[in-house]
Amino acid sequence: MKKMFLAIESSCDETAAAVVAEGREILSNVVQSSASLHERFGGVVPELASRAHLEAVVPVVDQALAEADLSVADLTGLGVCAGPGLLGSLIVGVSAAKALAFASGKPLVPVHHLASHIAANYLAFQDLEPPFLALVVSGAHAHIVEVQDYNSFVILARTRDDAPGEAYDKISRELGLAYPGGPKLDKLARMGNAQALDLPRPHFEDSLDFSFSGIKTASLNALNKAKQQAKTRLVRREDILADKDLAAAFQEAVVASLLEHVSQALDQTGYDKLVLAGGVSANSWLRDQSEALSRERGLKLYVPPLTLCTDNAAMTAAQSYYAYESGERADLKLNATAMWELGSPIPH
Ligand code: KG4
Ligand code: ZN
């Protein structure tokens, strides 16, 4: 009998539920996004996201079970993203999972959001097993992680300020692109000339940590300067600094910075497997450049398909299975937690 997990993910603006067998086989994967509600505010409004989760969570769970052709009684257990993320959003998913666990008597398994992003790769690549090095890049995080085992993580680098997705969304907003701007900026950048603008490549002495706020601020300053010059010279701003060129320079700087640090981490650790994970791993330039790096270094590269890069519950269900196998359980006192370091025990 295969071990099957239904998992719920509600850490940001996607309400998602999925059923996965043995941590590897997707039986259903339902994602309902409330992004359109946040569009006119230029970013996720936590109150609106929580309310949307409340409305969506029961139908989304029902649909995930129906598409898998299973009932709760057929499941091995229930997985849930318990953090990190927006507290009001997480609470909805955690409460729903606790209710299902209570009603069915099935075990409840809390999982870390970034561990789940990494686990998206187990669904896409049946041969992938730890240990490996992972670059986890999302709207809230940038980590280089040593994945020593399915449940054992060591963070080698983190961002000291903005997350790359956050910087993408901010620049997109300034260029008038609707939230979430990451994918739109990515497309625009592919048409531009990255040499049009010189941007910083920050790094720290004796540390692999990232910093993206300098790249973001320098991009915004260049945009404002071009706007000012356009006014005084009575020319179009596009003729001084085109959106596509700004986008290309920004994208080049972010991706180069990410991969320079990944290269150093590979030198230090000697891993020959590199895994990308998180919403920003959907970025086309990051995917292309990671392939080039892997060819150059003779690495095996794993990059999830686009649907598994951004938030979904199949990745949560995959990680739930591995967490369950290692004995991870929660009781009905489980709390959602907005701050939770990958590799550390869940805070109480
Ligand atoms: O992992 P995710 O779905 O949610 C979080 O855990 O944060 O990541 C969402 C982030 C957003 O900031 C979004 O703009 C960014 O991923 N993103 C991209 C691309 N697709 C999504 N950023 C750059 N290029 C993309 N193609
Ligand atoms: Zn995410």
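1. Buried means under 20% relative accessible area, exposed over 50%, and partly exposed in between, with a 1.4 Å probe and protein chains only. By that rule Gly 93 is buried, because its relative accessibility is 1%. Gly 93 sits in helix H3 (residues 87-104). Helices are DSSP runs of H or I with at least four residues, strands are runs of E with at least two, and both are numbered from the N terminus.

2. A word on the source. This is a predicted model, where local features need pLDDT of at least 70, side-chain atom pairs count only at pLDDT 80 or more, and totals for chains, interfaces and linings use all residues. Residues are numbered from 1 along each chain as its sequence is written, chains are lettered from A and ligands numbered from 1 in the order in which they are written, and side-chain values use heavy atoms, without hydrogens and water.

3. What does Gly 93 touch, leaving aside its neighbours within four places in sequence? Gly 93 is in contact (heavy atoms within 4.5 Å) with Ile 8, Ser 10 and Val 80. Gly 181 is 88 residues from Gly 93 along the chain, and their C-alpha atoms are separated by 26 Å.

4. Now the metal. His 113 (NE2), His 117 (NE2) and Asp 311 (OD) coordinate the zinc ion (ligand 2) at 2.0 to 2.1 Å. Donors are N, O and S atoms within 2.8 Å of the metal (3.2 Å for Na, K and Ca); water is not among the atoms, so sites may look incomplete. The donor residues follow the spacing H-x3-H-x193-D.

5. Both histidines belong to helix H4 (residues 113-124). They are 4 residues apart, about one turn of the helix. An α-helix has 3.6 residues a turn, so residues three or four places apart point the same way. His 113 counts as buried because its relative accessibility is 6%. His 117 is buried too, at 1%.

6. Helix H12 (residues 314-325) is mostly covered, with 11 of its 12 residues buried. Among them are Met 315, Gln 319 and Tyr 322. Just after H12, Gly 327 takes a positive phi of about 95°.

7. Last, a helix pair. Helix H7 (residues 213-233) and helix H9 (residues 243-269) have axes that come within 10 Å and cross at roughly 165°. Ile 215, Ser 219 and Leu 223 in H7 meet Leu 246, Phe 250, Ala 253 and Val 254 in H9.

Conventions. Axes are lines fitted to C-alpha atoms, for helices over the stretch in contact, and angles run from 0 to 180 degrees between N-to-C directions.
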